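Subject: Structure for you to look at

Hello,

I am passing on the structure we spoke about, with notes on what turned up in it. Please open it first and read the notes alongside.

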Amino acid sequence: MENMKAFIFTRYAKSNNIAFADLPRPALKPDEILVQVHAAGLNPIDNAIPKGTFKPFLKFQLPATLGSDLAGVVVEVGSRVTRFKPGDAVFASIFDLGTGALAEFAVVTENAAAHKPANLDFVQAASIPMVGLTSWQALKERAKLKPGQKVFIPAGSGGIGTFAIQLAKHLGAKVGTTTSTGNVALVKSLGADEVIDYKQQEFEDVLRNYDAVLGTVRGDALEKSLRILKPGSNVVSLIGPPDATFARSRSMGFFFTFVFGLLSRKIIRQTRKRGVEYSFLFVHPDGGQLAEISKLLEAGRIRPVIDRVFPFAQAKEALAYLETGRAKGKVVVQMVKM
Ligand SMILES: NC(=O)c1ccc[n+]([C@@H]2O[C@H](COP(=O)([O-])OP(=O)(O)OC[C@H]3O[C@@H](n4cnc5c(N)ncnc54)[C@H](OP(=O)(O)O)[C@@H]3O)[C@@H](O)[C@H]2O)c1
């Protein structure tokens, strides 16, 4: 069997556990496609997974390949695959499937993949899947944003922020966001209506009457954001605390349902007191939703925002750059030069 280069983690640890390795090309199950990865988009979860943060709910067989988002070309299809054929350009998020994107070849479940937007190159397409799906699931499915409603999307210059602002505007909402002084022009160019430079002002002193908040910033930002919400509004947190509903949705058993119930007790009490609904969102791969997102990209309603592109040989440096928490848009690793 042919080998391939992959960027892997060998064990769960805080450091010294990620490296390149030569691995056999993965074998396909009937509902899977094998993709030659041209580019892999990075997300904060790619730094968290090898540290063991998500060990209770994301299952990897170690050593495991890192990376969640990819764009590339189909080279082989499983016997039951109907929507893709060798030669098709695709993009996908595979973070919840136990496989990895930071490799020359990656296995993708047919259901997780979509055809690459025709107007994007592989680097641009690889920057989209997780932030696109998360924004879609948070703003459309959970918050059910309606035209004219106001949504607060903190950290507007990050991977999530740069996509979510554009999706919220497409849905007809008004968008408030926070960012540092140097990124104010960027978030305004994406359509943000109320921009708080968090170096100069506290958002909770300025913003009022919001219908939804996306929880994207750690610390006390989530609690403070309750002050800007109307009764009947929604808090969709991407950063936790996880709640009992989330544990039940992943069949995590009594222990985790109990523990997550305890972890989320305070925020749920605070939100209920204000007539606000709290939920924790853990994005799930979905090729159907990616195909919908692809239409918005092809129509020019949403554009990718890319900060830096690293060659595959510098995957470790790319992850370290993302970990600084200062990326303006997305960080992408490129395997195949265009
Ligand atoms: N639950 C889920 O399914 C899910 C899915 C995707 C992401 N997430 C989580 O969502 C969070 C955001 O992800 P991301 O991809 O957007 O991360 P990211 O791209 O690394 O975010 C970096 C951006 O955050 C901004 N930022 C940092 N601290 C800030 C603050 N205090 N106020 C305002 N902006 C701040 C920075 O702008 P400045 O330099 O201007 O500060 C930078 O542009 C992460 O914690 C990630 O793990 C969760």
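Ser-237 touches Gly-215, Leu-222, Tyr-278, Ser-279, Phe-280 and Leu-281, once its neighbours within four places in sequence are left aside. The residue belongs to strand β13, which covers residues 229–237. Its relative accessible area is 0%, so Ser-237 counts as buried. The side chain of Ser-237 also makes a polar contact, reaching the backbone oxygen of Gly-240 at 2.7 Å. Please bear in mind that this is a predicted model, and that each value here was computed from it.

Gly-240 comes up again for its backbone. The peptide bond between Gly-240 and Pro-241 is cis, with omega at about 0°. Pro-241 sits in the loop that runs between β13 and α8 (244–249). Another cis peptide bond links Leu-62 to Pro-63, with omega about -5°. Pro-63 is in a loop as well, between α1 (44–48) and β4 (64–65).

Two residues have a positive phi without being glycine. Asn-16 has a phi of about 55°, and Ala-155 likewise has about 55°. Asn-16 is placed in the loop between β1 (3–9) and β2 (18–24), while Ala-155 is placed in the loop between β9 (150–153) and α4. Are they buried or exposed? Asn-16 has a relative accessibility of 72% and therefore counts as exposed. For Ala-155 the relative accessible area is 28%, which means partly exposed.

Next, the ligand. Which residues are closest to it? The ligand is surrounded by 25 residues, and the closest are Ser-157, Ser-180, Tyr-198, Leu-281 and Ala-327. Leu-281 is also among the contacts of Ser-237 listed above. By type, the shell divides into 13 nonpolar, 10 polar and 2 charged residues.

- Ser-157: an N or O atom of its side chain is 2.8 Å from an oxygen atom of the ligand.
- Gly-159: a polar backbone atom is 2.8 Å from an oxygen atom of the ligand.
- Arg-326: a polar atom of its side chain is 2.8 Å from an oxygen atom of the ligand.

On its own the ligand has 930 Å² of accessible area, and the protein covers 85% of that. The elements that contribute two or more residues to the shell are α3 (129–142), α4 (159–170) and β10 (174–179).

Helix α4 also holds Leu-167. With 0% relative accessibility, Leu-167 is buried. Not counting residues up to four places away in sequence, Leu-167 is in contact with Ser-135, Trp-136, Leu-139, Leu-296 and Ile-302. Leu-139 is 28 residues from Leu-167 in sequence, and the two C-alpha atoms are 8.1 Å apart in space.

Thr-257 is a further residue to look at, in helix α9 (residues 253–263). Its relative accessible area is 14%; buried means under 20%, so Thr-257 falls in that class. The side chain of Thr-257 reaches the backbone oxygen of Gly-253 at 2.6 Å. With residues up to four places away in sequence set aside, Thr-257 touches Ala-244, Ala-247 and Arg-248.

Last, the chain as a whole. How many helices and strands are there? The chain has 12 helices and 16 strands. A compact globule of 338 residues would have a radius of gyration near 20 Å, and the chain agrees with that because its own value is 20 Å. Along the principal axes, the C-alpha trace spans about 60 × 45 × 40 Å.

Of the 338 residues, 55% count as buried. The accessible surface of the chain is about 15000 Å², and carbon and sulfur atoms account for 52% of it. Among contacts with a separation of 6 or more, 67% are between residues 24 or more positions apart.

Regards

How values were computed. Residues numbered from 1 in each chain as written. Predicted model: local features only at pLDDT ≥ 70, side-chain atom pairs only at ≥ 80, totals over all residues. Heavy atoms only, no water. Near = heavy atom within 4 Å. Polar contact = N/O pair within 3.5 Å; in protein donor to acceptor, adjacent residues only side chain to side chain. Areas by Shrake-Rupley, 256 points an atom, 1.4 Å probe, with all protein chains shown as cover. Helix = DSSP H or I, 4+ residues; strand = E, 2+ residues; numbered from the N terminus. Nonpolar A, V, L, I, M, F, W, Y, C, P; charged D, E, K, R; others polar. Rg over C-alpha atoms; globule rule 2.2 N^0.38 Å. Buried < 20%, exposed > 50% of the residue type's maximum accessible area, 1.4 Å probe, protein only. Contact = heavy atoms within 4.5 Å.
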